[in-house]
Amino acid sequence: MNFPEEDFPAVRDAVMKIRLEGKAAGIWKFAAGLHTQDVKTVYADGTVKDSSLQPGVPHLGGFTIVEVENVEEAYKWAEKIAIACRCPQEVRRIMDDPIGEEIYKKYSRD
């Protein structure tokens, strides 16, 4: 997002309009902006290291999760968000949960 600081209220309002539209359509699941680019990597042995962000390379500033029928619908929502946020949006598929609710229920009882 690259706009003058004084435009933030207008951007916020535009994003909220899209969010409410998505909620009304039943596709909006979650969205959040990322506070900083202070990214850490945690390894299996518990070691914590700075991640290797390269200066000058665009980084993820936030994300939105929607549940839509197809990629074309995802592109339409990404376009709306791009207009509201004043920046391009990447579209990525998230894998479905292969375990299922029955397994979660079994482990939550243990």
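Student: How many residues does helix α1 have, and what span does it reach from its first C-alpha to its last?

Tutor: This is a predicted model, by the way. Helix α1 runs over residues 8–25, which gives 18 residues. From first C-alpha to last it reaches 26 Å, close to the 26 Å expected at 1.5 Å a residue.

Student: What makes the buried residues of α1 line one face?

Tutor: Start with the residues themselves: Val11, Ile18 and Gly22 are buried in α1. Look down the axis of α1 and its buried residues fall within an arc of 40°, so they line one face of the helix. Turned away from that buried side is a face with the exposed residues Lys17, Leu20 and Ala24.

Student: Why is cysteine 87 called buried?

Tutor: Buried means under 20% relative accessible area. Cysteine 87 comes in at 17%, so it counts as buried. Cysteine 85, at 10%, is buried too.

Student: And why is isoleucine 103 called partly exposed?

Tutor: Partly exposed is what lies between buried, under 20%, and exposed, over 50%. Isoleucine 103 has 34% relative accessibility, so partly exposed it is. You'll find isoleucine 103 in helix α3, residues 101–109. With Ile99, Tyr104 and Tyr107, Ile103 makes a nonpolar surface patch of about 410 Å².

Key
Residues are numbered from 1 along each chain as its sequence is written. This is a predicted model: local features need pLDDT of at least 70, side-chain atom pairs count only at pLDDT 80 or more; totals for chains, interfaces and linings use all residues. Side-chain values use heavy atoms; hydrogens and water are left out. Patches are made of residues with over 30% relative accessible area and no salt bridge: like charges are joined within 9 Å, nonpolar side chains (Val, Leu, Ile, Met, Phe, Trp, Tyr) within 5 Å. Accessible areas come from the Shrake-Rupley method with a 1.4 Å probe; for residues, only the protein chains shown count as cover. A salt bridge is a side-chain nitrogen of Lys or Arg within 4 Å of a carboxyl oxygen of Asp or Glu. Helices (H or I, at least four residues) and strands (E, at least two) are DSSP runs, numbered from the N terminus. Buried means under 20% relative accessible area, exposed over 50%, partly exposed in between (1.4 Å probe, protein chains only). The expected span of a helix is 1.5 Å times one less than its number of residues. The arc is that of the directions from the helix axis to the C-beta atoms.
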